[in-house]
Amino acid sequence: MLAVLSGLAACGGVDSPVVATRTAPPVEAPAPAGDATVLGSGSVKVALILPLSGPGAAVGASLRNAAELALQESQSPDLTILVKDDRSTPDGAREAAAAALAEGAELVVGPLFAATVQSAATTVRPTGKPVIAFSTDASVAARGVYLLSFLPQTEVDRIIDETTASGRRSFAALIPDTVYGRVVEAQFREAVARRSGRVVAIERYPAGNPAASIGRLAPLIAGPAAQADALFLPDTPEGLSAAGPALTRAGFNPARVRPVGTAVWNDPRVFALPAFQGGWFAAADPAGFTGFSQRYRARFGSDPVRVATLAFDAVSLAAALNRQYGSQRFTDTTLTNPSGFAGIDGTFRFRPEGPSDRTLAVFEIRGGGATIVSPAPRALGPSGT
């Protein structure tokens with residue numbers, strides 16, 4: 001049974017285009033007034049390690065505010081949140097983790113970036129305390145190091161599942177030659193094989209320069225002899241702004257070969273491109289974030305960054321597990337409940353090896369906007385499927 005929780009509905013840079021897109025446009029996240037180092041006064045101590053200075057400071061401040069909001073909205077949280085600044089550096093994360101453990105933290109929430117997560121985890125894991133971090137780089141996940149984040153692998157699985165369920169099973173792919181591109185390509189191959197689909201061709205291209213690759217792929221995706229019925233193109237809005245016109249010049253017809261992608265498509269610049277009309281992408285249902293943003297704005301007088309819900313959900317989860325499970329609140333067995341937990345952005349769960357699963361909606365691009373064509377499931381399916 002899904003645990004419904006009360007109130008829970010790389011080095012100094014972002015890990016992937018997912019965070020970059022979701023934290024735009026930039027918002028001003030003001031530093032909190034008063035003592036920023038401790039939130040609450042409960043008996044259970046939880047560390048919150050964030051980039052409150054350095055390149056990630058604006059995002060870190062918004063995450064910190066979201067944690068404060070979660071603590072205020074939770075029922076009898078009995079938590080003390082020890083807020084630590086990792087200075088957006090691995091050394092800072094290691095020092096912050098060591099200080100939090102010395103102060104009695106039973107759980108570490110954060111950090112945000114892959115390099116800082118890795119550094120903090122190296123300090124925390126030998127103690128047997130769990131980490132719930134926000135990196136989108138699944139390679140830093142491990143037993144006891146759980147990622148509560150928007151992982152691109154989950155988005156790839158969802159869009160391939162929905163595309164094949166609609167009857168389209170032959171895929172071509174245009175992949176940017178970036179770290180993000182390589183990650184999603186690996187998941188794309190796995191997801192298509194799992195759904196008994198077929199990969200007709202894959203073309204990789206230098207970031208921002210897809211024309212030559214599109215020219216090579218054109219015979220398979222354009223015209224009456226097209227061999228693919230779906231085109232996977234996991235690029236940022238900037239990359240798609242170059243790819244879209246090149247696809248149109250090559251004779252690509254999105255009504256014949258459906259373009260599909262990940263949540264980095266969730267941007268008005270993509271919605272305006274003719275080559276992506278009728279295209280599908282997977283992302284979190286925005287309804288939860290809309291309500292959260294209103295409450296955040298009322299409390300702090302500014303807009304939250306998109307990933308602020310992660311800190312809200314992590315603190316709400318800690319409060320609810322403390323209330324429901326007592327001394328077993330942060331054990332691996334409790335945290336990896338296969339039914340998962342209900343969060344702001346839908347249901348999520350932690351896998352035993354560290355990454356998370358998340359329910360996502362599928363959107364279709366239509367006339368300058370995006371409409372949900374397949375709502376996010378209320379519950380997650382069996383793990384590993």
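**View 1. The three-stranded sheet.** Here 3 strands make an open sheet, ordered β12-β13-β14, with antiparallel pairing. Strands count as paired if DSSP finds at least two bridges between them; strands (E, at least two residues) and helices (H or I, at least four) are DSSP runs, numbered from the N terminus. At the edges sit β12 (341–343) and β14 (356–358), each pairing on one side only. From one strand to the next, the twist averages 35°; angles like this run from 0 to 180 degrees between N-to-C directions, with axes fitted to C-alpha atoms, for helices over the stretch in contact. This is a predicted model, where local features need pLDDT of at least 70 and side-chain atom pairs count only at pLDDT 80 or more, while totals for chains, interfaces and linings use all residues. Residues are numbered from 1 along each chain as its sequence is written, and side-chain values use heavy atoms, leaving out hydrogens and water.

**View 2. Zooming in on β13 and β14.** Strand β13 (residues 346–350) runs antiparallel to β14, and 3 bridges join them. Look for Phe-348, which stands opposite Arg-358 in β14.

**View 3. The seven-stranded sheet.** Now 7 strands form an open sheet with mixed pairing, in the order β8-β7-β9-β10-β11-β15-β16. The edge strands β8 (198–205) and β16 (369–374) have a single partner strand each, so one side of each has no neighbour in the sheet. Ignoring direction, neighbouring strands of this sheet are turned by 30° against each other on average.

**View 4. The β15 and β16 pair.** Strand β15 (residues 361–366) pairs with β16 in the antiparallel sense, over 5 bridges. Within this pair, Ile-365 stands opposite Ala-370 in β16.

**View 5. A helix across the sheet.** Helix α5 (residues 152–165) lies across β7 (170–176), β9 (230–232), β10 (258–261), β11 (280–283), β15 and β16, and runs at about 140° to β11. Contact here means heavy atoms within 4.5 Å.

**View 6. Around β10.** Arg-258 and Val-260 point one way from β10, Pro-259 and Gly-261 point the other way, and all are buried (under 20% relative accessible area with a 1.4 Å probe, protein chains only; exposed is over 50%, partly exposed in between). On one side, β9 and β10 pair in the parallel sense over 3 bridges, and Phe-232 has Val-260 in β10 as its bridge partner. The chain gets from β9 to β10 through helix α8 (residues 237–249), a right-handed β-α-β crossover: with the strands pointing away from the viewer, the path from the first strand over the helix to the second runs clockwise. β10 also runs parallel to β11, joined by 2 bridges, and Gly-261 stands opposite Phe-281 in β11.
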